[in-house]
Amino acid sequence: MRRSFIVAAAFAGLVAGGSGYVLAQSAPHGHGTQPAQSASTRAFIAANDRMHRDMAIQYSGNADRDFVAGMIPHHQGAIDMARAVLQYGHDPEVKAMAQAIIAAQEKEIAEMRAMLARLPAH
């Protein structure tokens, strides 16, 4: 009798814990559940979504090419987020960092595009 109770209690715990896991896994990741989003939040979400979509590259098997091809949209995402800070932010130090990020990332994107042009696609 005691053993069946322990097994039943363990099963109930697994079901309860498992259903919580399933609920957590089925909920939208990150930003989908926020009620009223500010313009800055919408800008960050759009930048993040675009970056992740564009980072889903077609892999070539050439590690150098794949790295550069994936990093270009990653850097562009940083630029887009920094631009959102410039548009909606208020802190001078954060805005200065955003400006520096834009300048550095734009330079690196230009360098990576030149690399990508010369790297074989296989």
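Q76 lies in helix 3, where helices are DSSP runs of H or I with at least four residues, strands are runs of E with at least two, and both are numbered from the N terminus. This is a predicted model in which local features need pLDDT of at least 70 and side-chain atom pairs count only at pLDDT 80 or more, while totals for chains, interfaces and linings use all residues. Residues are numbered from 1 along each chain as its sequence is written, and side-chain values use heavy atoms, leaving out hydrogens and water.

## Exercise 1: Around Q76

Find out whether Q76 is partly exposed or buried, and which residues it is in contact with beyond its neighbours within four places in sequence.

Solution. 
- Start with the cover. Q76 counts as partly exposed because its relative accessibility is 29%; buried means under 20% relative accessible area, exposed over 50%, and partly exposed in between, with a 1.4 Å probe and protein chains only.
- Next, look for partners. Setting aside neighbours within four places in sequence, Q76 is in contact (heavy atoms within 4.5 Å) with R83 and I109.
- Finally, compare sequence and space. Q76 and I109 are 33 residues apart in sequence, yet their C-alpha atoms are 7.7 Å apart.

## Exercise 2: The overall layout

Describe the elements of the protein chain and how many of its residues are buried, as a percentage.

Solution. 
- Count the elements: the protein chain has 4 helices and 0 strands. From the N terminus on, the order is α-α-α-α.
- Then turn to burial: of the 122 residues, 20% are buried.
- Now take contacts with a separation of 6 or more: 55% of them join residues 24 or more positions apart.

## Exercise 3: One side of helix 2

Solution. 
- The buried residues in helix 2 are I45, A47 and M51.

## Exercise 4: The largest nonpolar core

Find the residues of the largest nonpolar core and the elements that give two or more of them.

Solution. 
- A nonpolar core is a set of buried Ala, Val, Leu, Ile, Met, Phe, Trp, Tyr and Cys residues joined through side-chain atoms within 4.5 Å.
- The largest one here has 10 residues: V68, I72, I79, A82, V85, A98, I102, I109, M112 and L119. Helix 3 and helix 4 (92-118) each give two or more residues to this core, and the largest share, 5 residues, comes from helix 3.

## Exercise 5: A salt bridge between helices

Which residue forms a salt bridge with R50?

Solution. 
- A salt bridge needs a side-chain nitrogen of Lys or Arg within 4 Å of a carboxyl oxygen of Asp or Glu. The whole structure has 4 of them.
- R50 pairs with D80, with the closest N and O atoms 3.3 Å apart. This pair links R50 in helix 2 to D80 in helix 3, 30 residues away.
- R50 is partly exposed at 33% relative accessible area, whereas D80 counts as buried at 16%.
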